[in-house]
Amino acid sequence: MNLNCEIVMDLIALYQDGLASPSTKTAVAAHLAHCPSCSREYALYRKYCKNPTRLRNIPSEYAPKENFLRLANRIRHRRMLLRIGMISYVCASFCMILLMARMKNRLI
Ligand SMILES: [Zn+2]
């Protein structure tokens, strides 16, 4: 798969999070290995992903990237909330099943 820089920048969040398919990961890694521009942007993305509070300090030359990074962080935050919601749902369901089993045993 031969990717251009624009497509690589679109895929970089998926690549960083390990959510891209194996063929996409291979293609993005190959592109990053030979494209200094994308490699630099990826390094910047990784740097700000490690410490999202630094987003406020991004120099103005990176202003367009700031929107991209904020969007990526918002997506990551929503994914985390979704995971917490799913775990809470499973725990609540498990507790309800236990409670119903106990009540059933008391009635018999
Ligand atoms: Zn590139």
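Q: In this predicted model, which handedness has the crossing in which H1 passes H2?
A: The model is a predicted one. Helix H1 covers residues 5–17 and helix H2 covers residues 22–34. Where H1 passes H2, the crossing is left-handed.

Q: How are H1 and H2 oriented to each other, in terms of the angle at which they pack?
A: The two helices pack with their axes 10 Å apart and at an angle of about 120 degrees. Angles of 65 to 115 degrees count as roughly perpendicular and those over 145 as roughly antiparallel. H1 and H2 are therefore oblique.

Q: Into which classes do the residues of the contact of H1 with H2 divide?
A: On the H1 side, the contact is made by Cys 5, Val 8, Leu 11, Ile 12 and Tyr 15. H2 contributes Thr 24, Lys 25, Val 28, Ala 29, His 31 and Leu 32. By class these residues are eight nonpolar, two polar and one charged.

Q: How is H2 oriented to H3?
A: Helix H3 covers residues 36–50, and its axis lies 6 Å from that of H2. The packing angle is about 110 degrees. That angle makes H2, relative to H3, roughly perpendicular.

Q: How many nonpolar, polar and charged residues has the contact of H2 with H3?
A: From H2, the residues in contact are His 31, Leu 32 and His 34. They meet Pro 36, Cys 38, Ser 39 and Tyr 42 in H3. The contact has four nonpolar, three polar and no charged residues.

Q: How are H1 and H3 oriented to each other?
A: The axes of H1 and H3 are 11 Å apart, at an angle of about 30 degrees. The crossing of these two helices is right-handed. Angles under 35 degrees count as roughly parallel. H1 and H3 are therefore roughly parallel.

Conventions: Residues numbered from 1 in each chain as written. Predicted model: local features only at pLDDT ≥ 70, side-chain atom pairs only at ≥ 80, totals over all residues. Heavy atoms only, no water. Axes fitted to C-alpha atoms, helices over the stretch in contact; angles between N-to-C directions. Helix = DSSP H or I, 4+ residues; strand = E, 2+ residues; numbered from the N terminus. Left-handed = near helix turned anticlockwise from the far one by under 90°. Contact = heavy atoms within 4.5 Å. Nonpolar A, V, L, I, M, F, W, Y, C, P; charged D, E, K, R; others polar.
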